[in-house]
Amino acid sequence: MADEAWVPLAQGIALFLADQGLDARVGVADTDDGAIVVLLASQLPAGLQALLDLPGRLVPVAVGPVDPAAVPGQLAELNWVPWAPQRAEDSLQAIFGACVTELGAFHALQSLEAKVRGWEASGRNPADLVDTRAGWRALMKAVASVPTVSPETLAFLNRSRTATHAATLRSVLRGLVWITLLAVAIPAVMGVRQTVVAYQERQGLLQLATGSSDGFLPSIQIPKFAALVKMSDDAGEPVPLNADAQLALLLSSPGPSRSLTTTAQGMLINSTAVAPDGQLMALSGDGKLWRGQLRTTETELIATLPHPGYLLATDQAHQTWAAADDVRLTVGRDDAITTTSSRLGSGISGLVMDSRGTTLLVRGDDETEVYSLAASPRLLGRHDDVVGYGEVEGRLILLKRSGSGVIVIAAATGEELRTVSVVSEVDAATITDNGSVVTVIDGRLWIERGGSMTRSGIAVPTRVTDLQAVSDNEVLVTTIGGGTRLIDTATDLPGMATCTSGLAFSLEVSHDGAWVVCRNSGQTWIWDLSPARPMGPGIAAQGLREASGGVTWAGIMDGRLALARHGAHLRLNVAGRRPAEAAVEDLEPQLLIGGTLTALALSPDGSSVAYASDDGSVVVADVSPDLGLKVVAVWRAPDAVPVNGLEFTGDALLVRTTSATWSLNPCAGCRLDRGVLWEALSRKQEPCYEATLADIVPSRALDALGIRLCEGSGGP
């Protein structure tokens, strides 16, 4: 709801929320269990008081100056989403996140920013700082629930940390028995100070590391847990909350190869392209185009546009590129740069270039323009009702709705190649490298086979936000709530999930199908697609039910996992998610899997065991000297079919299901040997991390772990 003056903005927010799959309306709320977005300005919305007693959630959005004295207490104590017109996308996504967050987590999310930005509205003075350990821990818990910590919040936390440290130190020092010898007293005081500081650092880091919002910050999650383990080891104390297990699980799971946020100059990176050799091109909002490498931090400025930079497309070799803002389009090749203006009435919303750099699609909300890049950009034509695109044998192809069919059009010539009949309205479409049309219709993937569309076994239960071809048979499907999945259209086999760093609002696939660039709320992640693909066919027969490695033996006996070493024996009830027997009541929860045990394997030295079940679950655990199991990896087959074979080979674990063979990279040995853990970390960590990581992880831990901060905040 909103004051009348802000109704147009409210309507825009409602349209955005509807695009994300929510039932959003403008006006007085007619439900008592939904999320109510309240636009706050100098005039509060009429009927606001009646909403405050409803059991649903209130999402206050500060769209203008607000008189704190006029704001009801229920709103004053909440976290207001600031409306920033220059960063409307970030504000819209923050509103969307507040609307869909689980209700308990939503209420927990409100605390910290309210203590910072809403401090005065809550009746507090911004100069008041938290100066108790309990207050500090509460702040840290609140931070863990906030997806993006603002600069104001970080500054407040740093000031509060200083105040907390000073108050705690005073309390400790009052209890000291002072010794008159100064040479003795000074070291004693310094020791207390170091202990207090170390305690505060580790407690703050612990609260942050266990936060529920880490899915939105994958580049920070691994160094946070690594620092917590390192700091605990250095203090000679046990690692709290199995942080070493969490770190091992993260190191065993697929993740982005690189994260990008801003350039070294602090400008937001709006679009990124990756070449087969790992070369990067990144476009920042100030219209600067940068070149770099995936695994290094060195960058080169290659062009400055005569307009802001929002969108980028390149050929496969990165010899030709195109960049655009809402209206203007700039194309570069060699040292020649040409700028023109699009004629799309709705503005430019996307760019697509063929792998050879000869044809460019300029996409709008309602129309698509086609340009020839043979010399300077030349408009070839304009098409409406374009529902998808792709590249076949080096030619860009447009897919256009037409009655009960989809017209396949050669973009460069405008020639209608054929029409494919469909059974209902097409929600999304693409065309694979081998020329097969793939569509989403009525919650199901349809694939062109033998000239006609065939209903596949792949369900698409929620609204599709993106459908793109990757190779001859593969497509990436992104849905609301379902993430991004790689699908093999030849076998109807789903691949592993990718872009799992929260919902990908936009993604681009490299021309060779090796990389996908995912973007969400100012964050960019580059994922390697190879772990998402199976490496071979599956097997029908069950594999080994016992194995030996070093001096360790493992087997499946009476449905349980059996282990033996040096005459010691142990049977563990790990399958079926049944409670473990009293003898192993401290079994880590991740060790329990569903179904019935079907396969196992031991590493060559017997230090790690892998076991799997008929529901596709796989667990890898290190085996301690007393036969205790310490989980390092968990996985499940994308199609949830039985696992019939496991095999350790080098650093990989081969998992053979009835449908495919997959290669995993579990962090075997990471729970038994810190050297193995830190070596795995060095392979997984990025070349540099956002500068804001220094506000979370102490510098001495970053130095000890060899973690480097980017010159800006995660730039190319």
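**A friendly note on the cysteines, cores and strands**

1. Numbering the bonded cysteines of the protein chain in sequence order gives the pairing 1-2, 3-4, 5-6. Please keep in mind that this is a predicted model. A search of the whole structure turns up three disulfides, and the next three points take them in turn.

2. Let us begin with Cys-499 and Cys-518, which form a disulfide with their sulfur atoms 1.7 Å apart. The link is left-handed, with -55° about the S-S bond. It connects distant parts of the chain: Cys-499 sits in the loop between strand 28 (493-498) and strand 29 (506-509), while Cys-518 belongs to strand 30 (residues 515-520), and the two are 19 residues apart. Both Cys-499 and Cys-518 are buried.

3. Another disulfide is formed by Cys-667 and Cys-670, with a distance of 1.7 Å between the sulfur atoms. The torsion about the S-S bond of Cys-667 and Cys-670 is about -55°, so this disulfide is left-handed. Cys-667 is buried, and Cys-670 is buried too.

4. What is the handedness of the disulfide of Cys-688 and Cys-710? The torsion about its S-S bond is about 90°, so the disulfide is right-handed. The S to S distance from Cys-688 to Cys-710 is 2.0 Å. Cys-688 lies in the loop between helix 12 (674-684) and helix 13 (699-705), and Cys-710 in the segment after helix 13, so the pair ties together parts that are 22 residues apart in sequence. Buried means under 20% relative accessible area. Cys-688 therefore counts as buried at 3% relative accessibility, and Cys-710 likewise counts as buried at 8%.

5. Now to the aromatic rings: a search of the whole structure finds one aromatic pair. The rings of Trp-635 and Trp-662 have their centres 6.0 Å apart and their planes at 55°, so the pair is tilted. Trp-635 is in strand 40 (residues 629-636) and Trp-662 in strand 43 (residues 660-664), so the pair ties together parts that are 27 residues apart in sequence. Trp-635 and Trp-662 are both buried.

6. Which residues have the most contacts inside the largest nonpolar core? They are Val-516, Val-618, Leu-646, Leu-653 and Val-655, in a core of 57 residues. Helix 10 (residues 218-235) gives the most to this core, contributing eight residues. A second, separate core has 23 residues, including Leu-249, Leu-587, Val-609 and Val-619.

7. Val-655 deserves a look of its own. Leaving aside its neighbours within four places in sequence, Val-655 is in contact with Val-618, Trp-635, Val-643, Gly-645, Leu-646, Ala-660, Thr-661, Trp-662 and Leu-664. That list includes both Trp-635 and Trp-662, the partners of the tilted ring pair.

8. Next comes an open sheet of four strands, in the order 32-43-42-41 and with antiparallel pairing. Strand 32 (536-537) and strand 41 (643-649) stand at the edges with a single partner strand each, so one side of each is left without a neighbour in the sheet. Strand 41 pairs with strand 42 (residues 652-657) in the antiparallel sense over six bridges. One of the residues to look at here is Val-643, whose bridge partner in strand 42 is Thr-657.

9. Is strand 25 (residues 464-469) largely enclosed or left open? Five of its six residues are buried, so strand 25 is largely enclosed by the rest of the structure. A hairpin joins strand 25 to strand 26 through four residues. Strand 25 and strand 26 (residues 474-479) run antiparallel and are joined by five bridges. Within this pairing, Asp-466 has Thr-478 in strand 26 as its bridge partner.

10. Finally, have a look at Asp-325, in the loop between strand 10 (320-324) and strand 11 (328-333). Asp-325 counts as buried because its relative accessibility is 6%. Its side chain reaches the backbone nitrogen of Val-327 at 2.9 Å. A polar atom of the Asp-325 side chain also lies 2.6 Å from the backbone nitrogen of Arg-328. Not counting residues up to four places away in sequence, Asp-325 touches His-307, Pro-308, Tyr-310 and Ile-348.

Terms used
Residues are numbered from 1 along each chain as its sequence is written. This is a predicted model: local features need pLDDT of at least 70, side-chain atom pairs count only at pLDDT 80 or more; totals for chains, interfaces and linings use all residues. Side-chain values use heavy atoms; hydrogens and water are left out. Rings of Phe, Tyr and Trp (its six-membered ring) pair if their centres lie within 6.5 Å; planes under 30 degrees apart count as stacked, over 60 as edge-to-face and the rest as tilted. Buried means under 20% relative accessible area, exposed over 50%, partly exposed in between (1.4 Å probe, protein chains only). A disulfide is a pair of cysteine sulfur atoms within 2.5 Å. A nonpolar core is a set of buried Ala, Val, Leu, Ile, Met, Phe, Trp, Tyr and Cys residues joined through side-chain atoms within 4.5 Å. Contact means heavy atoms within 4.5 Å. Two strands pair if DSSP finds at least two bridges between them. A polar contact is a pair of N or O atoms within 3.5 Å; within protein, one must be able to donate a hydrogen and the other to accept it, and residues adjacent in sequence count only if both atoms are side-chain atoms.
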